[in-house]
Amino acid sequence: MKKAIYPGSFDPITNGHLDILSRAVKVFDEVIILVAVNPNKHFNFSPKERVEMIKEAVKDYPNVKVDYYDGLTVEYAKKHGATHLIRGLRAVSDFEYEFQLASANEYVDSTIDMVFFMARGDKSFISSSAIMELTNSGVDVSGLVPSSVIKRIKK
Ligand code: ADP
């Protein structure tokens, strides 16, 4: 059984993240979405809120689980029998960061490999920070995020 981890901040989850997930589940038997917990980083939503929004958004996928972790992703992957980490690539600027991340992960454990999906053209401008900026400016973002996020933002 091929298992992969899709790690990220998901602060909040967007339709861009969900598009990557919809393609990853066709390649892997099981995907675990792993929400980053980093006490040194400011997040808009708590780990619990982010997990809740994701769980509701992915409830129709039988082979997707959601979890959060405050350690190294590769360690989590190893512990849970996953062989690959999934990431998405939007612009060239993503590449530099992802390349660095892949190299650091390889240094920690070269048995865990990374798989990248290119952002779809119509989703490539979507980011969690853009969602928060647009929301704070009063723009309706319901076409860019799942309804679980809209519900939480309205609260
Ligand atoms: P991180 O802080 O770890 O980068 P993010 O939640 O911002 O977490 O992103 C998680 C992953 O999803 C990253 O690989 C990112 O490039 C990818 N991603 C985010 N938004 C999109 C999008 N609109 N299309 C494709 N991939 C995306």
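Which residues are buried in helix H6 (residues 147–154)? In this predicted model, the buried residues of helix H6 include Ser-148, Val-149 and Ile-150. The buried residues of H6 pack against another helix, H2, which spans residues 47–57.

Strand S1 (residues 3–8) runs parallel to S2, and six bridges join the two. The path from S1 to S2 leads through helix H1, and this β-α-β crossover is right-handed. Within the pairing of these strands, Lys-3 has Glu-30 of S2 as its bridge partner.

Strand S2 (residues 30–36) is in turn paired with strand S3 (residues 64–69), again in the parallel sense and over six bridges. Here the chain crosses from S2 through H2 to S3, in a β-α-β crossover that is right-handed. One of the bridge pairs is formed by Ile-32 and its partner in S3, Lys-65. Strand S2 is largely enclosed by the rest of the structure, because six of its seven residues are buried.

Several single residues illustrate the surroundings of these elements. Ala-24 belongs to helix H1 (residues 15–24), the helix through which the chain crosses from S1 to S2. With a relative accessible area of 0%, Ala-24 is buried. Apart from neighbours within four places in sequence, Ala-24 is in contact with Val-31, Ile-86 and Phe-117. The C-alpha atom of Ala-24 is separated by 8.8 Å from that of Tyr-6, although the two residues are 18 residues apart along the chain.

Tyr-68, in strand S3, is partly exposed, and its relative accessible area is 45%. When residues up to four places away in sequence are not counted, Tyr-68 touches Leu-34, Val-35, Val-37, Pro-47 and Val-51. The separation between the C-alpha atoms of Tyr-68 and Pro-7 is 9.0 Å, and these residues lie 61 residues apart along the chain. In a regular strand, side chains alternate between the two faces of the sheet.

Helix H4 (residues 92–108) contains Asp-94, and Glu-98 is also placed in helix H4. Is Glu-98 buried or exposed? Glu-98 is buried, as its relative accessible area is 4%. Asp-94 has a relative accessibility of 14% and therefore counts as buried, since the term applies to values under 20%. Residues up to four places away in sequence being left out, Asp-94 touches Gly-88 and Leu-89. For Glu-98, leaving aside neighbours within four places in sequence, the contacts are Arg-87, Gly-88, Leu-89, Met-114 and Phe-116.

A nonpolar patch is found on the surface, formed by Leu-72, Tyr-107 and Val-108. Together, these three residues have about 360 Å² of accessible area. Leu-72 is located in the loop between S3 and helix H3 (73–79). A relative accessible area of 43% makes Leu-72 partly exposed.

Note on methods: Residues are numbered from 1 along each chain as its sequence is written. This is a predicted model: local features need pLDDT of at least 70, side-chain atom pairs count only at pLDDT 80 or more; totals for chains, interfaces and linings use all residues. Side-chain values use heavy atoms; hydrogens and water are left out. Buried means under 20% relative accessible area, exposed over 50%, partly exposed in between (1.4 Å probe, protein chains only). Helices (H or I, at least four residues) and strands (E, at least two) are DSSP runs, numbered from the N terminus. Contact means heavy atoms within 4.5 Å. Two strands pair if DSSP finds at least two bridges between them. A crossover is right-handed if, with the strands pointing away from the viewer, the path from the first strand over the helix to the second runs clockwise. Patches are made of residues with over 30% relative accessible area and no salt bridge: like charges are joined within 9 Å, nonpolar side chains (Val, Leu, Ile, Met, Phe, Trp, Tyr) within 5 Å. Accessible areas come from the Shrake-Rupley method with a 1.4 Å probe; for residues, only the protein chains shown count as cover. A salt bridge is a side-chain nitrogen of Lys or Arg within 4 Å of a carboxyl oxygen of Asp or Glu.
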